[in-house]
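Here's a quick briefing to get you started with this protein. Have a look at the model first, then read on.

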Amino acid sequence: MTLAAILAPWGIRGEVKVDLLSDDPERLRPGLEVWVAPPGGGPARPDTVEWARPHGRFWRVKLAGCPDRTAAEALRGGRLQVPEDRVPPLPEGRYYVFQLVGLRVLDPAGRPVGRVRDVLRYPANDVIVVDADDGREVLVPAIRQAVAEIDLAAGRLVLGELPGLLD
């Protein structure tokens, strides 16, 4: 699970500016073991969070394996990740993005629409990005009127009866 997106180096001591992709900032705590996924793919490497501090809407993070600005610059565009089996369970009706990506999307009548590609975070509500079977990109607001059901066990997301949703 991606915990944070690494945006840029911060200062000269190996700190990075990150966009926390979690509703719970306590997850980004000193001593947390993370995997650092490099920008552009490639194998992730283990590291440990030395400290993390909020800075406006972003966070400043110091990783043990990032000694200077040059090392921090190499992480720009990367991700801080934690293993999926180590994420705490969410309350019923709440989902992690990694749980939604890849779900089959069905219209209210049960006909296939496409698959979930991503979830975008916005202040008003999240938006589910669907790669439709007809080649379009469909943006679905993550609200009760637009999403009738999410069934992780069955691997599907059923859309609600919101007029114009698939137009």
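Let's start with Asp107, which is buried, with a relative accessible area of 7%. Buried here means under 20% relative accessible area, exposed means over 50%, and partly exposed is in between, using a 1.4 Å probe and protein chains only. Keep in mind that this is a predicted model, where local features need pLDDT of at least 70, side-chain atom pairs count only at pLDDT 80 or more, and totals for chains, interfaces and linings use all residues. Residues are numbered from 1 along each chain as its sequence is written, and side-chain values use heavy atoms, with hydrogens and water left out.

**Around Asp107 and Leu106**

- Asp107 sits in the loop between β7 (104–106) and β8 (112–120); strands (E, at least two residues) and helices (H or I, at least four) are DSSP runs, numbered from the N terminus.
- Not counting residues up to four places away in sequence, Asp107 touches Val113, Val158, Leu159 and Leu166, where a contact means heavy atoms within 4.5 Å.
- Leu106 belongs to strand β7, and Leu106 is buried too, with a relative accessible area of 11%.
- Beyond its neighbours within four places in sequence, Leu106 is in contact with Arg111, Pro112, Val113, Arg156, Leu157, Val158 and Leu159.
- Leu106 and Arg156 are 50 residues apart in sequence, yet their C-alpha atoms are 7.2 Å apart in space.

**The overall picture**

- The protein has two helices and twelve strands, and along the sequence they run β-β-β-β-β-α-β-α-β-β-β-β-β-β.
- Its C-alpha trace spans about 55 × 30 × 30 Å along the principal axes.
- Out of 167 residues, 36% count as buried.
- Of the contacts with a separation of 6 or more, 45% come from residues 24 or more positions apart.

**Nonpolar cores**

- In soluble globular proteins, nonpolar side chains tend to be buried together.
- A nonpolar core is a set of buried Ala, Val, Leu, Ile, Met, Phe, Trp, Tyr and Cys residues joined through side-chain atoms within 4.5 Å.
- The largest nonpolar core has 23 residues, and Val18, Leu28, Val34, Val49, Val61, Leu63 and Leu80 touch the most other members.
- Two or more residues of this core come from each of β1 (2–10), β2 (15–20), β3 (33–37), β4 (45–55) and β5 (58–63).
- There's also a second, separate core of 16 residues, with Val113, Val119, Val140 and Leu157 among them.

**Two polar contacts**

- Glu15 lies in strand β2 and is buried, with a relative accessible area of 9%.
- The side chains of Glu15 and Arg60 make a polar contact of 2.7 Å; that term means a pair of N or O atoms within 3.5 Å, where within protein one must be able to donate a hydrogen and the other to accept it, and residues adjacent in sequence count only if both atoms are side-chain atoms.
- Thr2 is in strand β1 and is partly exposed, with a relative accessible area of 25%.
- Thr2 and Gln81 are 79 residues apart along the chain, while their C-alpha atoms are separated by 4.3 Å.
- The side chains of Thr2 and Gln81 are joined by a polar contact of 3.4 Å.
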